Structures are given as structure tokens and as C-alpha cells.
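Here's a quick briefing to read alongside the model.

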There are 2 protein chains.
Amino acid sequence: MDETSQPIEVLLSVSRDDRRGLGTQIEAQLRGAIREGRLRAGARVPSTRDLARQLGVSRRVVVGAYEQLAAEGYLTLRQGARPCVAETARARVFPTPAASAPAAAPRFDLRPRAPDVSAFPRSEWLRCLRDALQAMTNAELGYGDPRGVEALRSALADYLGRVRGVVAAPERVVITNGYSQGQGIICRVLAARGARRIGFENPSHPDQRRIAERAGLEIVPIATDDAGIRVDQLDRAAVDALVLTPAHQHPTGAVLTGERRRGLLTWLRQRDAIVIEDDYDAEYRYDRAAVGALQGLEPDRIVYAGSASKTLAPALRLGWLVVPARLLAAVTDEKDLADCGTARIEQHAFATFLARGELDRHLRRMRARYRRRRDLLLDELAHALPEATVRGIAAGLHATVELPGDHDERAILDQARRRGINLMTTYDFWIPPGTGAPTLLLGYAQIPVPAIPTAIRALADAVRSTRER
Amino acid sequence: MDETSQPIEVLLSVSRDDRRGLGTQIEAQLRGAIREGRLRAGARVPSTRDLARQLGVSRRVVVGAYEQLAAEGYLTLRQGARPCVAETARARVFPTPAASAPAAAPRFDLRPRAPDVSAFPRSEWLRCLRDALQAMTNAELGYGDPRGVEALRSALADYLGRVRGVVAAPERVVITNGYSQGQGIICRVLAARGARRIGFENPSHPDQRRIAERAGLEIVPIATDDAGIRVDQLDRAAVDALVLTPAHQHPTGAVLTGERRRGLLTWLRQRDAIVIEDDYDAEYRYDRAAVGALQGLEPDRIVYAGSASKTLAPALRLGWLVVPARLLAAVTDEKDLADCGTARIEQHAFATFLARGELDRHLRRMRARYRRRRDLLLDELAHALPEATVRGIAAGLHATVELPGDHDERAILDQARRRGINLMTTYDFWIPPGTGAPTLLLGYAQIPVPAIPTAIRALADAVRSTRER
């Protein structure tokens, strides 16, 4: 046995009991040895004859394996020369990441991110998935319309018209993977059409502004008050588009009044601008019927955007746009380029879910639950933190809790964290950050009723501790 | 009854048998009348007292409905004045689109778009969905890691390492909604890091180039031949990145040779560029074992991109990237901004599907099927169209069929269409379009075996007819 084949002999072994063929085993072991640096670039490997003899396999098997590895760039084979590891084959394995200790789960999570997913109707959803898989034609398992599945666009047009007063023909509905993708698509379409400035309510969600910035638009903050966005500031703002949460301003919880709505529509038409109506958690209103969508009054200049993330579960990644005629072709194309359309089996399932009234049933159940939690949370707050003022309407999945002006939001966050409370404040919602009144956003969707009193007392303790230092 | 309330009386009617409340019925009918132009901006509506009397309902119900409509911007209510339709309320309904006659389904669809979705394992997939819904925790129904579900990233890392020779740690896997989204994300990340020029094989898929262009990159065509991309042209091309189909050049069907692979790796390291490896239909090779992915040799500069669209079904919208360490944070952020992550129930289902070996089983079945179809199609072609040359390796879901240089691809497309054949040629794959040899791309995945002889004879007839004019 010659010198050069010595190291190889140690490395390689084949088994006839292995379900993989002998050649495949040789390939896998050589590939691994090269990658892990046991065989370095330029190193000679045994001749096919030697290796075949060492391993007790036919030479044809080794020749096949070597040819495969040469085709992949691991080996260099040259007529008359000994085979060797290719000079370019010096890949490294990924370093094993240091096992980071998973962050301890908080005792209480009051961040207003998701609805109560523990109530997600798993068996109803599974039934809809099953029916979808049974009903879909083979053609529907292909690509199809990038706007989405016809059955879902129809079901949504009906649902949104009935529940939110949206003027939606199925042709104008575009299914997206949640709200963010929809806003990104619209922003890119507007930028491509020459839009430069986009207005955002101040405060508003910072992630939404980042999406608009990535599309190349300049962010223009527009003040809000208890009646919603300050429509009187729009003329001076000179924006080409505007992202708006009229049903329930996010995060202040204000509702855009009828007068402001009329003013906004007048501005919108004069400026010939586009509004993206983020119909954020509009299905949850506890004191009266929800206010209908603005889109119904100006469907040619308002893009309606909604999602199932706050009504069912964020994991579904299902959202929708209702698009003005003049933007429809560009939005469809942009969605096609983004990902060739949203997952289609789930679209069929959601169409069935809507048509069977499952979403209505689910929302009826959840409204009662959330209302109970909200009431309890507000009661506890009144006792534990009497200096706090709850702003906004009785709606949505979080309470907007304003503290006297000398409170420090970031110190409260820190103290809450020490007490095992995950919290969110409006700090980053403001433009510039931290310029608004200190305000906590207390999500009640994910905290069980029995935990609310303890959580609020711990929170009040955290707030007080920032005053004693 | 006074004059102004006359038209209203005609329009409105309420029923106590309706499951919706009386107020909701009034709102819906007034909203509809305003939208459809039956009630115009500024038109007076009956006083609440009049309307209550007309309809025989309590005045409180009408007051509630009017307040709702005022809050939504449909009505103007002013103390002491008669209520009227808001001046801004002049929305129109969408015009009903002219019912376009659906395009007649072609007799034969030879476009290489999708795999044979009639073989999609519906019941196995449903079982995986059911198990996913049972196994997922509540937290997993929320947002989670934008890269995707941990179980799927692990299962893919294993699968890709085993089947494609990809060096993939689960941390580096990012789940996308198919290949297109992945390529878009990488292109945007590269552009944000200062990349300006991106190379594409010539010919290559035009949609992929559009995605790169939208990200702000300049497209640089690089010639290919029977050994794959012309590596010797890369230095002069001075590109920062390169999209590559090494396992099976799309559309020519060439495989990148071992020598070219080594040359490419040398260039890649010298230039410190990034390659996006589109591992297009690599799982289908009929004459020998598939050539492993290039990524395994340079995981720090090659982004590996794959999807389930060609192995299972495009409708799933499931794809994946394996990302070099230096791009991982930016890619994760870009995916988060794009859509906050891919649908999660399906990710769990696919993880189970992979772990159970269902994909291997499915591919084994499909390889035998596609091979049979390919063999038959090539046999028929040899008889019916002897002047044609089949290029590329025995792999993938289509045959690349080159015709003598004086054939006219667009005339052939037209003649094929007249014979009920949907066809694709390489015309648009070339930069500039139509500059390559006339070539048909004959997809055999979706055409049943018994139809192949007839389809090929009809195709040959179409080709011949373009020569007789």
C-alpha cells in the first residue's frame, strides 16, 4: 500500500448493508473529508485502482464516484496524472453557533402584537384545508392569477362590503401575505409612478415607515389628535400619498371623526393623492358598531388594506388589498414579481372559512372575550395606577395608557422587564422618537383573565419604582 | 309625508325577520343608495322622526343609524338642519367588467411551467397539515422568526446536505415564498450594500432579470455554451453578483463542467463577488446521479436558492435560501420587511413531509414518470421533426429542441396556437430577445403519455407550415 493512499484508507469505509449504493457512500465520505479540511486543496487521492482494491469494490464504482466529484468541482482528474483534490475545493463547514441560552419567557406579555391565538379555531381551519385540497382542480395547484384565488377574492369582496362598508369587486382584490407585503407593494408602485413624499400619522408604527422608506419614499409626519389625523396640516405637507388608520388610530386609539373624514376626502380629491387605509383591528369595537371603512367613499383614490393577523393568527400570513382601477395592473405585476402570488391551498381554505361564516362566529366569540379583558384591565389600572389616563376608544387589542409628562418610558420598560413583564410604549412610534407624552400600550389579547390583576399590580410597581430613584 | 322623504321611502324597507338588526338594515340600504348614485351628494334625507315613522321603527334606531353613517362620512348631521348626504360622498360602484369569454383551453400544453400537479400527494400533504395543526404551540401561531420555522430549517438543512451536497446549517436557511421572492430579497440586499452590476446567463429567464432590475441592479449578459456559463468572460463583465443555474442551465439544459466550476470558484474568490445559485429542477436527472450544488464548495460567497414549485406544486409557494454568514442579518431583515415571514402552518407541514421521506418517495415516483415521457417525446420528435436537435442533458421537465437557423420562432408559436398547442420558445430568454438559434422548450411534465405522439405530430405540422408560406 503506498504512502498517498494511507490517509484515505483511514477515512473511507463502505458497507453493503447501507441502503445507499457503494458509489454514493464513497462520494459522501470524500465530499465530507474535503469540506471539513481533512483532505486539503491539491492533496492527492488514491488512484481508482488503489481505492477499489482497498475497499474491495469494483473499479467501475470508484471511477463513477470520482467522476461525480470531478463534475461537482471537488476533484481534478487529468489523463495520466494522479487524481487530486481541486485547488478550488477549500470550502469550510459552518462554525457551530454557540448555543445561546434561550431568553427566559416573561411572566406577563403585555405587548400588543398578536390576537389570542390560543383561541385559533384549529379544527375548523383544518376542515377548510381538507375541503380545499379535495375541491381544488389540478390547474389550481399551479401558478394562477397573481392577485390570488378567485373564490377568495369573491368571498372577501362580499365580507368587506358587508362588514366594513368597502366597495370591493373581486377583480380589484389582491391577496397578499399580510398587511406589510401589501403596503410594500403599494409603496413601490407609487414610487415607480413618481410619488416622492408619503405622509404617516404621528405617532405611527415605525416598521410601516421603514417599508415605505425602502421603497424610496420620503416620510412626512402628520400630527394627530383625539379626532384622528390633523387634516388641516395636509395641504402644507404636500404629500403624494398617505397611510391612514381611520377606524382606530394606531397607536393612540382615536377614531377619525365624520368631519375630518369629509375634510380628508376633499383634500384627497384636490391633491389627487392616494390613501392607503390600514384597517387595523377594525373588527374589534366594544362600545358601539365599528365605523365603516373610508374606502367606500372614494374607491378610486383609497387602497384598502386588511389582514387575518389580528382576527385569526399572524402565522397564516393572509392579507388583502382592494385597489383603485388605475393602480390595479401595476399592483398585480408587483405582486407577481414579489412572489408569484400567495400560497393557494390556504387561500381556498380561507374562502371556505369566510363563506361558512366561521370568521363572523369567531369574531363574535372573541369580541366578548376581549371586552371582558379590557374592562378588567382598565378597572385594575384605575386602582393600581390612578395617575394614568386611558386614551382612545373602546376598541382593538390594546389600551393606550398615558402617564403624566415627567415619566420616563424607557426606565419603565427596564423596570417592567426586571419584573418579568414584556411591555411596549409609544417611544418609537413618534417622529422623532420619544417626542410624545409617555404612553404604555397594554395589549390584553394574550394575557389570561386571572393573570391581569397581578400583571397590572406588578406593572404599577415598576412604574412607581422609576419615580423613587 | 313631505317631498324630500319620498324617494327614501321607495328605497328603504326593513324586516324584523332579518338576522341583522333594524339599524344595520337602514345603514346598509342608505350606504348602498349613496354609493350607487341613487342618493347624490347634498341630497336631503328624511329627518330621523320621519324615517322612523315611515318604517315603523323607534326613532332611537334611526338616530343610531344616522350617527353611524355620519361617522363614516356618508351623511352630514348639523344641529337644527335637515340631515343630508355629505358633499364628499360621491363614491361610485365599480363598473361591472365586461364578461370576457374565457380563453379556450388548449388541446396540448407544452409550456414548461409546472410539474405534473395531477400527481401532487394530496392526502399525504393533508396528513402533514393536520399533524402540524395538532403539534404547533400557540406561540407558533404568532409571528416568530422571519427566517421561518426552526423545524423546517433543520429538515431542509439535512435534506439539502444529503441530496444536493449543500453546506447548510439551520441558522443560515431562510424560508421564502418560492424562488422569485428569494432572488428579489438577495438582489435588494446586494443593491443596498453597493452592488451595481449583476450577471445573468445568456439565455436566461426574463422574469428573473426583471426582478433584479427592480432592485436597481444593471443586468450584464454572460454567454453560455454546451459547458455552461463562459467563465472566461466574467473578468471583463465586472459584475458584483451573478445568477447561475449550474446543475442544469435554464433553458439550454447544459451542465456546468467540473473545469468551469473550478474556474468559476477562482473568479468568485478573486472578485469577492456573490453567486445566486438557482438550483433549478436539479432533482430531475435521468441519465446519471444529479451533479451536486456549487454552494458546497464556497458557502461564504454562494447563496443557494431552491423551491418546492418544480418538485411538488407551485401553489404551495414554498422556497428557501441558504445564505452566507455576511449576508444573513440583512437577508433576515429584508424578509421581515417583505412580509414578516412565510405562512407557518405550511412550513410545519413541509418539515414533517421532508422528515418522513415523503419528498424522496414522491421524487422517485416522478423521476420514472418524467423519464418515460421524455423518452417518448424524443422518439416522436426524431420521427416527426428530424431536422431538430435536442440540446442539453437528460434532466428537468422540458426538452430543449433547436431548429435550423432559418426557422421563425414566432411564426411557429402562431401556427402552434392555431392547432391548439400552447408552446414556449427561447425568444425572450435571449439578450437581446430573439438573438439565439430558434429553439422550442417542450415541457413534458403536464402532458399525458397517450397525448404525446399526437401533440408532437401536430407540432411538426405547425413547424412545417411556417416553411411553406
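Where is R285(B) found? R285(B) sits in chain B, in the loop between β9 (274–278) and β10 (302–307); helices (H or I, at least four residues) and strands (E, at least two) are DSSP runs, numbered from the N terminus. Before going further, note that this is a predicted model, in which local features need pLDDT of at least 70 and side-chain atom pairs count only at pLDDT 80 or more, while totals for chains, interfaces and linings use all residues. Residues are numbered from 1 along each chain as its sequence is written, chains are lettered from A and ligands numbered from 1 in the order in which they are written, and side-chain values use heavy atoms, with hydrogens and water left out.

**Around R285(B)**

- R285(B) counts as buried because its relative accessibility is 12%; buried means under 20% relative accessible area, exposed over 50%, and partly exposed in between (1.4 Å probe, protein chains only).
- The side chains of R285(B) and D287(B) are joined by a polar contact of 2.8 Å. A polar contact is a pair of N or O atoms within 3.5 Å; within protein, one must be able to donate a hydrogen and the other to accept it, and residues adjacent in sequence count only if both atoms are side-chain atoms.
- Not counting residues up to four places away in sequence, R285(B) touches V255(B), A290(B), V291(B), R367(B), I393(B), A394(B) and A395(B), where contact means heavy atoms within 4.5 Å.

**How the two chains relate**

- In chain B, α12 (residues 344–355) has 12 residues and reaches 17 Å from its first C-alpha to its last, close to the 16 Å expected at 1.5 Å a residue. The expected span is 1.5 Å times one less than the number of residues.
- α12(B) is mostly covered, with 10 of its 12 residues buried; among them are H348(B), F350(B), F353(B) and L354(B).
- G357(B) follows α12(B) and has a positive phi, near 75 degrees.
- Over in chain A, α6 (residues 150–164) and α12 (residues 344–355) pack at an angle of about 35 degrees with their axes 8 Å apart. Axes are lines fitted to C-alpha atoms, for helices over the stretch in contact, and angles run from 0 to 180 degrees between N-to-C directions.
- A151(A), L152(A), A155(A), L156(A) and Y159(A) of α6(A) make that contact with Q347(A), F350(A), A351(A) and L354(A) of α12(A).
- The buried residues of α5(A) include W125(A), L126(A) and L129(A). The buried residues of this helix pack against α12 of chain A together with α5 (122–135) and α12 of chain B.

- Most residues other than glycine have a negative phi, and most peptide bonds are trans.
- A cis peptide bond joins H250(A) and P251(A), with omega about 10 degrees, and P251(A) lies in the loop between β8 (241–244) and α10 (258–271) of chain A.
- In chain B, H250(B) and P251(B) are also joined by a cis bond, with omega about 10 degrees.
- A238(A) isn't a glycine, yet its phi is positive, near 50 degrees; A238(A) is partly exposed, at 28% relative accessible area.
- C340(B) has a positive phi of about 60 degrees despite not being a glycine, and is buried at 17%.

- T252(B) lies in the loop between β8 and α10. The T252(B) side chain makes a 2.7 Å polar contact with the side chain of Q249(B) and reaches the backbone nitrogen of A254(B) at 3.3 Å.
- G178(B), in the loop between β4 (173–176) and α7 (179–192), counts as buried at 0% relative accessibility.
- G178(B) and T342(B) are 164 residues apart in sequence and 9.7 Å apart in space, C-alpha to C-alpha.
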